[in-house]
Amino acid sequence: MSPPHTHALDARYYTDPELFEIESRGLFSRSWQFACHASQLAEIGDYVTFALNGENLFCIRDRSGDIKTYYNVCQHRAHELLRDAGNTKLIVCPYHAWTYELSGQLRSGPNITAVPGFDRSKVCLSEVRLEEFCGFVFVNLDPQAEPMETWFPGVRDEVSAFVPDHGHLKPVQWVEIAERCNWKVSVENYSECYHCRLNHQTFSTGVVRPETYDIQPQGHCLRHTTECQNLDQMSYPIDLDANPHAGHYSSWFLWPMFSFQVYPGNILNTYHWRAVDVDHVVVWRGWYAVDGMSSKVLADLAQQDRQTTVAEDIDLVESVQRGLRSRGYRPGPLVVDPAGGVNSEHSVQMLQQWMRDAVDKDSNINRQKRRKL
Ligand code: FES
Ligand SMILES: [Fe+2]
């Protein structure tokens with residue numbers, strides 16, 4: 001195994017549209033990506049459509065109560081099947097009315113029985129790998145993908161323990177944050193707290209104790225742990241006796257583009273990144289509560305987060321993206337402290353290794369393919 005890289009990733013990984021294409025066709029198509037929250041599909045027949053990596057997909061709850069994900073494309077002549085979100089008893093294509101069961105199986109179509117030998121049991125919507133993970137639905141376009149437990153060992157149990165009510169949560173609000181930077185700049189910024197004390201005063205003095213902050217890999221998860229400020233210094237009240245993790249903060253970043261974050265008080269919030277193009281990303285901040293009931297604590301916290309940490313990070317990542325385009329930038333040494341801790345970039349080193357692996361592997365395959373042509 002080659003020794004870990006000691007310098008930051010070359011700027012071209014963040015600025016070259018060709019490398020972004022390689023990521024889209026490779027990494028994004030074989031990793032676990034957030035699709036929707038299970039509470040959006042409470043009843044049989046509830047569905048939501050969404051775009052992922054250039055593909056139109058939809059999730060739907062079938063008659064046995066399971067959630068299924070399909071490519072949103074009719075198996076007749078490729079019209080899209082469903083739009084937006086809603087509830088339906090059957091999936092009816094708007095083009096020629098071919099009709100599918102919620103299980104994806106073709107049920108009927110005008111005049112199909114007139115076709116000699118037409119076997120409707122052979123026609124089925126194309127299904128996509130899916131896993132429910134603490135009430136969140138993730139999909140993977142790679143049918144051979146390893147299960148999420150292999151990618152992110154132990155995380156499901158940990159999040160469940162930190163959010164005991166996760167089965168009853170519903171989204172309270174989703175805040176969409178557009179950032180003019182490559183998705184990796186935003187993800188790296190999220191994955192180190194070396195910049196926290198200087199740039200996130202509220203977070204560093206009102207929520208966590210930066211001197212105890214650390215981030216360690218756990219499979220392809222980066223787990224953030226920290227002690228919290230004393231209760232009297234917290235920026236909002238919490239009931240410490242509610243459960244064993246009521247006073248804890250933690251976050252689980254799931255490579256490549258999702259993070260569960262739990263604030264003291266068992267307040268679950270999420271980040272999910274959607275890469276738009278090589279230098280634009282949208283970050284969705286989700287906030288969740290039992291039955292979707294907002295409270296003053298949650299509303300204040302979400303607002304505080306938006307006005308402080310989120311706003312501060314936008315300035316940072318957009319400045320970095322401009323810098324990556326500068327001819328004057330040479331990738332600098334990462335500050336990797338063997339003892340870890342808040343002032344170490346070991347987590348960025350790990351992340352950049354995953355980034356390199358994802359792109360370089362596919363670049364080599366492409367090169368070999370070109371040579372064979
Ligand atoms: S394309 Fe769907 S019924 Fe023809
Ligand atoms: Fe930050």
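The protein chain contains nine helices and 17 strands (DSSP runs numbered from the N terminus, with helices being H or I of at least four residues and strands E of at least two). Its radius of gyration is 23 Å, close to the 21 Å that the globule rule gives for 373 residues, so the chain is as compact as a globular protein of that length; the radius is taken over C-alpha atoms, and the rule is 2.2 Å times the number of residues to the power 0.38. The model is predicted: local features need pLDDT of at least 70, side-chain atom pairs count only at pLDDT 80 or more, and totals for chains, interfaces and linings use all residues. Residues are numbered from 1 along each chain as its sequence is written, while chains are lettered from A and ligands numbered from 1 in the order in which they are written.

The C-alpha trace spans about 75 × 60 × 35 Å along its principal axes. Of the 373 residues, 36% count as buried (20 or more other C-beta atoms within 10 Å of the residue's own, with C-beta atoms placed from the backbone).

An open sheet is formed by three strands in the order β1-β10-β9, with antiparallel pairing; two strands pair if DSSP finds at least two bridges between them. β1 (33-37) and β9 (129-133) are the edge strands, each pairing on one side only. Strand β10 (residues 136-140) pairs with β9 in the antiparallel sense over five bridges. Within this pairing, L130 has V139 of β10 as its bridge partner.

Note on methods: A residue is buried if 20 or more other C-beta atoms lie within 10 Å of its own, exposed if 12 or fewer, and partly exposed in between; C-beta atoms are placed from the backbone.
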